[in-house]
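Here are some notes for a colleague who is opening this structure without having seen it before.

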Amino acid sequence: MKQPIYVIIYALLIVVVMASCKKEETYAEQREREISSINNFISKNKIQVISEQQFIDQGYVTEEAQYVKFNNTGVYMNIIDKGPIGGTILANGKSEDVLVRYQEYNLKGDSIKTTNRTPTFANLCDKFSVRNNSGTFVASFVYGVMRNTYKSTSVPGGWLIPLKYIRLGRIIEDEDRYATVRLIVPHEQGTAAASTGVYACYYYMEYQADR
């Protein structure tokens, strides 16, 4: 039996009204949600945020629970280890191939996004090439999980910030450790997916020179 025409029209009106009531989240709302996720992460992990000036006064080091916030990028950084004694900070005009072991944690979704710190990738680091152009680091992935996952050679800007403060080298002495940092990276300094989705990520990073 055919439905009366008014029933069909009424059903269509309901669909239209429901669609119009479903408001898309604005960028401002997404950004607010991102900031909230960062603040929640900081509070949950009892992180002490310090200024860039305090970071300088401390000799460019951070204590265990301290993260320095860089105001121009919004990135937070905690240095666990500056790297091997024989390593060097990448100088102006110099290039380096860098191997990285990392874990990427989505603060919005409260979950691990990608990582190469698993038995599956025990013998494979992510690799990127980087050059220091007067304090601006330009880099691209050569291979690894990040490149394969996001189908891009672009290295997140947040990954490059520690290069101003850590030593790149190889493990030679018994007391040597990989340059190791923790990062909170807002979407503008993250992957293209983070930028589109407007979410921040936490990274645990280990850097070494591929020499």
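1. The model is a predicted one, and a reader may wish to begin with its contacts: among those in the protein with a separation of 6 or more, 62% are accounted for by residues 24 or more positions apart.

2. As for the secondary structure, the protein has 6 helices and 9 strands. Its 211 residues include a buried share of 41%, while the accessible surface comes to about 12,100 Å², with 53% of that area belonging to carbon and sulfur atoms.

3. The largest pocket holds about 230 Å³ of space, and of the 13 residues that line this pocket, those closest to its centre are Asn72, Thr73, Gly135, Ile161 and Lys164. Two elements, β7 (136-143) and α5 (157-160), each supply at least two residues of this lining, which by class is made up of 5 nonpolar, 6 polar and 2 charged residues.

4. The second largest pocket has a volume of about 190 Å³, and its lining consists of Arg33, Ser37, Asn40, Phe41, Lys44, Asn45, Tyr105, Leu107, Lys108 and Asp110. Helix α2 (residues 27-44) gives the largest share of this lining, namely 5 residues.

5. When the lining of the second largest pocket is sorted by class, 3 residues are nonpolar, 3 are polar and 4 are charged. A reader looking at this site can find Arg33, Lys44, Lys108 and Asp110 among the lining residues, alongside others that include Phe41, Tyr105 and Leu107.

How values were computed:
Residues numbered from 1 in each chain as written. Predicted model: local features only at pLDDT ≥ 70, side-chain atom pairs only at ≥ 80, totals over all residues. Heavy atoms only, no water. Helix = DSSP H or I, 4+ residues; strand = E, 2+ residues; numbered from the N terminus. Buried < 20%, exposed > 50% of the residue type's maximum accessible area, 1.4 Å probe, protein only. Contact = heavy atoms within 4.5 Å. Areas by Shrake-Rupley, 256 points an atom, 1.4 Å probe, with all protein chains shown as cover. 1 Å grid on protein atoms, 1.4 Å probe; cavity = no way out; pocket = protein on both sides within 12 Å on 5 of 7 lines; lining within 4 Å. Points joined across faces, edges and corners; volume = space filled by probe spheres on them. Nonpolar A, V, L, I, M, F, W, Y, C, P; charged D, E, K, R; others polar.
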